[in-house]
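Dear colleague,

Here is the structure for your files. My notes on what was found in it follow below.

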Amino acid sequence: VKDTFTANQLTSSAEFKKRLLHIAKGAVYTGSTKQLDKFIQMRLPEIKEVKTQNFIGYNKDYAAWLFNRVAVCDGRLYEMNDEDYFEINSASVKSLSLTPALDLNPKLNEFTTGWVDDIWTAFGEKGYVALAFWLGSLFAEQIRERDKSFPFLEIVGEPGTGKSTLIEFLWKLAGREEYEGFDPSKSTAAARGRNFAQVGNLPVVLIEGDRTTDNAKQRAFDWDELKSLYNGRASRAVGIKSNNNETYEPPFRGSIVIAQNADTDGSKAFLERIIHIYTDKRGQSIQTRHAAERLEQLPVSQVSGFTLLATMREKEIMQTFGRGYERARNELESNSSIRHIRIAKNHAQLVGLLEALALVVPVPVERIEKTREAITALAVERCQALKKDHPLVQEFWELFDYLDELAPYGINHSSDENEIAVNFNHMEEVAAAHRQRIPFTLTEIKKLLKNGNERRFIRQSTTRSAVSERHNRGKGDMQRMPETFRCWIFGREK
């Protein structure tokens, strides 16, 4: 039996007796305090100080990956000794965290690589993109130290397109079976914070965070909460129970993977941080189904060596990544279709990791080239997606155009054909008259309209209303509309 003793319990025979009986049932100490002191003088100098961490994975202070039963440092594999800690160089270290439990097989001769072909058959370039990102997750701390950021991966698509199969298999590479991720909408802020803080150089997978119901509890999660994790900053701050103003802000040491059926809906600053993969059923066949089934049936013991082999080749992988990243970034930034520096950087990092993937598993050169082209296409698609307006803004303009056609005198108060003048109160009045529901509040839509792309916000001003002019022709004094309105002016899309 192994357990702890406090200083008080080691210096009093009565306290030592109580503690011993508590931790080892039936063990009784019958000696005196003097005999106990003599024993301590003889044995305590031999006790080593074991340094601990409260998470699983990479620790920058030791430059080592500390897992549940094995550790990796400087290309060497260490197994836990009889005292349940690792002796790495001159340090004695261990992790106190029990979650996640990673069952990594240290017998690297049992590691197989046939699954590399099955991923290509089942998922094609998208599977290799996810695999390269997973490799990068094992070096997230090093990449952030080098480039100051590490992107998020988003895998979305129709139900039944293999998202869960792919992610569950990738978890097998990290020694975790029958696990996909956690639902942030069902989790408390404290649970989310602990999920983000309990790993280092390992992925954190968020699943099914999209919600279409009006249940406020389920829609409580805001994707913009993740923005600070892009640079490895804290996900939350916790007050420490003390008499001063200390707080604890655990840094984010891992990577983020988002898997759900619908695209994430956040600010542009958040959407720029994402590498987006969309899955569909177009390429599915009997061969893809068989390949996916083989991935599902592979035991963890045959594939978990991926994590150990990758971490043992840290220096070569980071060198290859650095060369590939610099080359790819120059290419992507010179592409006229990619105008966002951050998007070019994120996808260049993925290209560098794709090239480093060949150091861990056998990947044919032609597949790497095809996947590289696919990553460039993903960067272009991401830039185009960011040009689109927020869904609520698109819905607003659809409603505006419909009411402008429906109302006898329209609702566009501008007489300039290149501008649109909107008075929100008048629009609400016309919508109510024609029984049209407005699915947003004026407060939230005004914030979003200022950042619109297709119809850019120009200014707020008092406008001589073209709607009033049309309405007031031939009308009596009792039926006249005000000649001026306070309007928001937008430019028409070109």
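**Findings**

Thr371 sits in helix H14, residues 365-387; helices here are DSSP runs of H or I with at least four residues, strands are runs of E with at least two, and both are numbered from the N terminus. The model is predicted, so local features need pLDDT of at least 70 and side-chain atom pairs count only at pLDDT 80 or more, while totals for chains, interfaces and linings use all residues. Residues are numbered from 1 along each chain as its sequence is written, and side-chain values use heavy atoms, with hydrogens and water left out.

Thr371 is buried, with a relative accessible area of 0% (buried means under 20%, exposed over 50% and partly exposed in between, with a 1.4 Å probe and protein chains only). Neighbours within four places in sequence aside, Thr371 is in contact with Trp120, Glu125, Tyr128, Val129 and Leu354, where contact means heavy atoms within 4.5 Å.

**Helix packing**

Two packed helices are described by the angle between their axes and the distance between the axes. The axes are lines fitted to C-alpha atoms, for helices over the stretch in contact, and the angles run from 0 to 180 degrees between N-to-C directions.

Helix H4 (residues 115-137) packs against helix H13 (residues 341-357) at an angle of about 90°, and their axes are 8 Å apart. H4 and H13 are therefore roughly perpendicular to each other (65 to 115 degrees; under 35 is roughly parallel, over 145 roughly antiparallel and the rest oblique). On the H4 side the contact is made by Tyr128, Val129, Leu131, Ala132, Phe133, Leu135 and Gly136, and on the H13 side by Leu350, Leu353, Leu354, Ala356 and Leu357. These residues divide into 11 nonpolar, one polar and no charged. In this classing, Ala, Val, Leu, Ile, Met, Phe, Trp, Tyr, Cys and Pro are nonpolar, Asp, Glu, Lys and Arg are charged, and the others, Gly among them, are polar.

H4 also packs with helix H6 (residues 163-173), at about 70° and with the axes 11 Å apart. H4 and H6 are therefore roughly perpendicular to each other as well. H4 brings Trp115, Ile119, Phe123, Ala130, Leu131 and Trp134 to this contact, and H6 brings Thr165, Leu166, Phe169, Leu170, Trp171 and Leu173. The contact of H4 with H6 has 11 nonpolar, one polar and no charged residues.

**Cavity and pocket**

On a 1 Å grid over the protein atoms alone, a cavity is a set of points where a 1.4 Å probe fits but cannot get out, a pocket is an open set with protein on both sides within 12 Å along at least five of seven lines, and lining residues have an atom within 4 Å of a point. Grid points are joined across faces, edges and corners, and a volume is the space filled by probe spheres set on the points.

The count is one cavity of 30 Å³ or more. The largest cavity holds about 70 Å³. Its lining residues include Pro100, Trp171, Arg176 and Tyr179. Strand S9 (residues 199-207) gives the most to this lining, with four residues.

The second largest pocket holds about 980 Å³. Of its 21 lining residues, Asp3, Thr4, Phe5, Ile47 and Glu83 lie nearest the centre. H3 (33-43) and H2 (13-23) each supply at least two lining residues, and H3 has the largest share, four. By class, the lining of this pocket has 12 nonpolar, one polar and eight charged residues.

Regards
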